[in-house]
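Hi,

Here is the structure I promised to pass on.

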Protein chains: 2
Amino acid sequence: MGRYGAAAVIIGNEVLTAKIQDLNGPLLARRLRDRGIPLRSMSTVPDEIDAIVEAVSRAREIARYLFTSGGIGPTHDDVTVRAVALALGRNVVRLPSVEQMVRAHYGPSMAPQALRLAEAPEGTELLRTEGIWYPVLHCDGVYLLPGVPQLFGHQLDAVLAQLPGTPLALRSLYLSADEPQIAPVLDRLAADMPLVAIGSYPEFDRRAGYRVKVTVENVERALVEEAVGRLERELPQGSILRIE
Amino acid sequence: MGRYGAAAVIIGNEVLTAKIQDLNGPLLARRLRDRGIPLRSMSTVPDEIDAIVEAVSRAREIARYLFTSGGIGPTHDDVTVRAVALALGRNVVRLPSVEQMVRAHYGPSMAPQALRLAEAPEGTELLRTEGIWYPVLHCDGVYLLPGVPQLFGHQLDAVLAQLPGTPLALRSLYLSADEPQIAPVLDRLAADMPLVAIGSYPEFDRRAGYRVKVTVENVERALVEEAVGRLERELPQGSILRIE
């Protein structure tokens, strides 16, 4: 298949130590789904160069677009730019246009460390986002987004507006049968229609009113409908409570 | 350092496609923190054998304990047991004691696919959890937990009760200064006390009443207090609003 879709690398000691709960990964998953871009993997790593380099390199083996979250800033724990540059085999340079933005933002009393915000992998493109003074850094399909959720969301929307995508067709079947009862039917369907993504999610809370939710997904609505038709014919009689 | 701490592999198309938001990763992060076991990495991969094998193998290179979430069950998309066995270089076998549990749970009308729940990597140990009929599968430091959050949480607690750990000492400093202003002090402190984890988290919402939160962490409380003392002396005068 080669590289396709997107991947995420969440850079965050604060997530791994449960100081905060990551909101950016789930937001990215939703936004990518809405744009029809498959999210292939998501990994959370500490603010350490080696860990980030490895996660970025692996993600780039499978995904065409990579979004990093966090580690952009002027303090010692902001190592994303250096790590991404290493993973891409590029030098870190100071971008004059970003230096101007940083100087304008912080004014004459700026601490010299603020200029670290002007560093980026060589060859980085900038993407301006309305209402945010700091641009998105983009290099070789890697988008370096800030970890602060409000900023991450704004900048993500600016990036996604530029990318091509096809929304997925999705149907969900709610069943009164349990998973062992439906497994043979799902097995055959998955074997016969390998391009259609079929999910099976048991629900153990009786108040939900169903026992298993089966999802059927593809970019082609006709394929999804064909798979749903097969399920309607082959699942145990009366086991489908509703289809959405 | 060799292998230490824990890692997580979340197996879930439903998370990557944003059908559900993962609760198990954040819960695991909190529980591990409370037990003083560092979480080294967390990755979310699709329900595909190759992707799981790779994620499990990588996680085991750095972490002593690995928790998988999801992909345990009788349907075609439940491939965690096979993937973990491959990553560990072990065969998949049917465990007679689990077969007994499965037969007792589903009763005489059991579909034969239910017996897939009795399969495990060869050499797997079982850990019983009160109130849940299905045991935790444990093999070579890998704990295979179910994806359903209620079950995941119960079984996780049973596992963690068995593992050794030392709770971390943590102090948080809330500052009125911005990150560039404090960066030189944090740089020096991080260089002088490399074992102490120092985090710097800007807050852009003015209503929060501070501009940066700095965290200082270590298993040794004395080291943490020493680092906090240095910050109190070296940060710009009057910039510390409060310490927690």
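First, some housekeeping. This is a predicted model, in which local features need pLDDT of at least 70 and side-chain atom pairs count only at pLDDT 80 or more, while totals for chains, interfaces and linings use all residues. Residues are numbered from 1 along each chain as its sequence is written, and chains are lettered from A and ligands numbered from 1 in the order in which they are written. Helices (H or I, at least four residues) and strands (E, at least two) are DSSP runs, numbered from the N terminus.

Let's begin where the chains meet. On chain A, 47 residues are in contact with 47 residues of chain B; contact here says that the C-beta atoms, placed from the backbone, lie within 7 Å. Which element gives the most to the side of chain A that touches chain B? That is α7(A), with 8 residues. Sorted by class, this side of chain A has 25 nonpolar, 15 polar and 7 charged residues (Ala, Val, Leu, Ile, Met, Phe, Trp, Tyr, Cys and Pro count as nonpolar, Asp, Glu, Lys and Arg as charged, and the others, Gly among them, as polar).

There is strand pairing between the chains too: β2(A) and β2 (residues 39-45) of chain B run antiparallel over 3 bridges (two strands pair if DSSP finds at least two bridges between them). In that pairing, A:Thr44 has B:Met42 as its bridge partner.

Is B:Ala51 buried or exposed? It is buried, with 20 other C-beta atoms within 10 Å (20 or more count as buried, 12 or fewer as exposed, and in between as partly exposed, with C-beta atoms placed from the backbone). Leaving out residues up to four places away in sequence, B:Ala51 touches A:Ser41, B:Val45 and B:Pro46.

Now the sheet in chain A. It is open, with 4 strands in the order β10-β11-β9-β12 and antiparallel pairing. β10 and β12 (240-243) of chain A are at the edges with a single partner strand each, so one side of each has no neighbour in the sheet. From one strand to the next, the twist averages 20 degrees (axes are lines fitted to C-alpha atoms, for helices over the stretch in contact, and angles run from 0 to 180 degrees between N-to-C directions). Strand β9 (residues 169-175) of chain A is joined to β12(A) by 3 bridges, and A:Leu175 stands opposite A:Ile240 in β12(A).

Two helices lie across these strands. Helix α8 (residues 221-234) of chain A lies across β9, β11 and β12 of chain A, at about 150 degrees to β11(A).

Last, a helix pair. In chain A, helix α3 (residues 49-62) and helix α4 (residues 80-88) have axes that come within 8 Å and cross at roughly 50 degrees. Residues that meet there include A:Ile52 and A:Val56 in α3(A) and A:Ala83 and A:Leu86 in α4(A). By class, the contact has 8 nonpolar, 2 polar and 1 charged residues.

Over to you!
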